Amino acid sequence: MSLLLNKWVLGAVAGVLACILAFGAGYRTGFGRADAARRAEVAELSARAETWKAEQAQAWAEAERKARQELEAAQSRANALAARLDRSKRQSAAKIRSITRRIPHATAGLDCVFGPEFVRLYNEAIGAAAPGPGDGAVPQAAGPAPVAGAPDAAPAAHPGLRPRRAVTPADILAHIRDYGARSQAMEAQLDALIDLATDGGNR
């Protein structure tokens with residue numbers, strides 16, 4: 001009886017040990033497979049992250065390259081426009097010097113003068129309502145004051161327009177010289193701005 005019991009106990013213990021060993025082996029196998037799958041997933045995610053970083057860096061570098069090229073092109077266009085305006089200014093200055101030299105010859109022998117009414121109306125026509133140095137107005141000539149209330153009479157003269165001397169043909173030519181140079185300079189600047197706004201100054 002005792003021997004049979006011992007065999008039964010030993011068999012049970014052996015069965016339990018076999019179950020424990022089988023469980024341990026299965027657990028290790030399952031854990032190993034799950035850990036390998038996890039490691040593979042982590043490696044794939046890391047590779048995707050590295051690829052995304054590389055793509056972002058490449059896109060950033062490309063955007064920076066295009067922005068730099070556009071900035072350089074815009075700077076080049078601005079420099080070209082500035083050079084064009086500078087040439088226009090030099091040509092205008094040369095033209096002013098030439099006209100200034102020719103005014104005495106063109107007005108030699110002319111003894112006509114222009115009265116204050118003529119000068120006031122002239123200044124009004126060109127928009128020089130507030131005379132002063134460099135405003136483009138022709139200095140008003142000496143002469144009788146306009147008749148108040150007369151038909152088509154120009155507005156009363158500003159105190160700054162009071163005469164110092166008669167306005168001569170040379171004064172008129174000098175005024176037209178300066179006014180024309182101012183108008184042409186403004187036209188050149190306007191053309192440059194239009195070119196820059198319409199086609200980027202590539203004309």
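**Salt bridges and their surroundings**

Modeller: The structure holds eight salt bridges. This is a predicted model, in which local features need pLDDT of at least 70 and side-chain atom pairs count only at pLDDT 80 or more, while totals for chains, interfaces and linings use all residues. Residues are numbered from 1 along each chain as its sequence is written, and side-chain values use heavy atoms, with hydrogens and water left out.

Colleague: Why is the contact of arginine 39 with aspartate 35 called a salt bridge?

Modeller: The term requires a side-chain nitrogen of Lys or Arg within 4 Å of a carboxyl oxygen of Asp or Glu. The N to O distance here is 2.7 Å, so the pair qualifies. Asp35, Arg38 and Arg39 are also linked in a network of salt bridges.

Colleague: What makes aspartate 35 buried and arginine 39 exposed?

Modeller: Buried means under 20% relative accessible area, exposed over 50%, and partly exposed in between (1.4 Å probe, protein chains only). Aspartate 35 has 19%, and therefore counts as buried; arginine 39 has 53%, and therefore counts as exposed.

Colleague: Why is arginine 84 called partly exposed?

Modeller: Its relative accessibility is 27%, so arginine 84 counts as partly exposed. Aspartate 195, at 5%, is therefore buried.
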